[in-house]
Amino acid sequence: VLCLTERDGLVYCGSADCGISKLQLSVGVSAADAANAPAPGARSGEAEPPSKPPSPPPGSCPPGNCARLAMLKRVEAAHLAEVHAVAMHTSTRLLSASADGSIRLWALPSLAPLYCLRARGRLGEPLAHEGAVYALLVAPPAAAPAGCRLFSASADRLIKVWDLDTADQLATLSGHQSFVCALQAAKGLER
């Protein structure tokens with residue numbers, strides 16, 4: 001797993017084997033249940049001496065901190081190279097970006113492919129960038145009142161801005177001396 005995002009107990013991840021997975025997140029025993037359970041070896045009605053809680057056995061986790069992921073759906077060969085970034089567009093859309101230079105939009109919950117973003121002037125090739133795409137950032141709705149915006153960062157030293165409602169490339173931000181591998185929204189981006 002190279003990247004993941006979570007919404008409403010579902011985890012979407014991209015991997016080095018070019019695939020995308022949808023997993024169900026399940027949390028183990030709650031802290032409240034663990035606090036109400038009798039201590040191991042205690043008899044009912046007897047006061048328990050204060051003691052340090054026992055350490056969990058190897059391979060397990062403390063009560064309330066245990067989580068499990070169950071595979072719900074897997075898309076093999078979602079891209080032609082490893083998937084470096086996934087991001088939620090809406091509750092019904094997922095974006096993925098790859099070392100193959102592509103950015104794809106997927107329908108949720110089915111993970112059916114919808115379309116690839118294509119750079120201006122590129123005909124026939126589903127490539128958003130000339131190099132690996134390392135990061136995606138969906139702008140908050142207030143930041144893009146005319147439509148939802150996506151920012152993509154790449155090994156081609158560019159950040160591109162996309163309109164996700166039309167799939168159009170809106171702008172290219174240049175000037176980096178090396179590849180761009182991360183994006184973060186600044187506080188106040190919505191202004």
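The model is predicted, so local features need pLDDT of at least 70 and side-chain atom pairs count only at pLDDT 80 or more, while totals for chains, interfaces and linings use all residues. Residues are numbered from 1 along each chain as its sequence is written, and side-chain values use heavy atoms, without hydrogens and water.

**Fold**
- The protein chain has one helix and twelve strands; helices (H or I, at least four residues) and strands (E, at least two) are DSSP runs, numbered from the N terminus.
- Along the sequence the pattern is β-β-β-α-β-β-β-β-β-β-β-β-β.
- Of the contacts (heavy atoms within 4.5 Å) between residues at least 6 apart in sequence, 49% join residues at least 24 apart.

**Surface and burial**
- The protein chain exposes about 11100 Å², and carbon and sulfur atoms supply 56% of it; accessible areas come from the Shrake-Rupley method with a 1.4 Å probe.
- Of the 191 residues, 38% are buried, meaning under 20% relative accessible area.

**Nonpolar cores**
- A nonpolar core is a set of buried Ala, Val, Leu, Ile, Met, Phe, Trp, Tyr and Cys residues joined through side-chain atoms within 4.5 Å.
- The largest one has 15 residues, of which Leu95, Ile103, Leu117, Leu136 and Leu150 touch the most other members.
- Two or more residues of this core come from each of β5 (83-90), β6 (93-98), β7 (103-107) and β9 (133-138), and β9 gives the largest share, three residues.
- Beyond its neighbours within four places in sequence, Leu136 contacts residues including Ala85, Leu95, Ile103, Phe151 and Leu183.
- A second, separate core has 13 residues, among them Ile20, Val83, Leu94 and Leu111.

Terms used: Buried means under 20% relative accessible area, exposed over 50%, partly exposed in between (1.4 Å probe, protein chains only).
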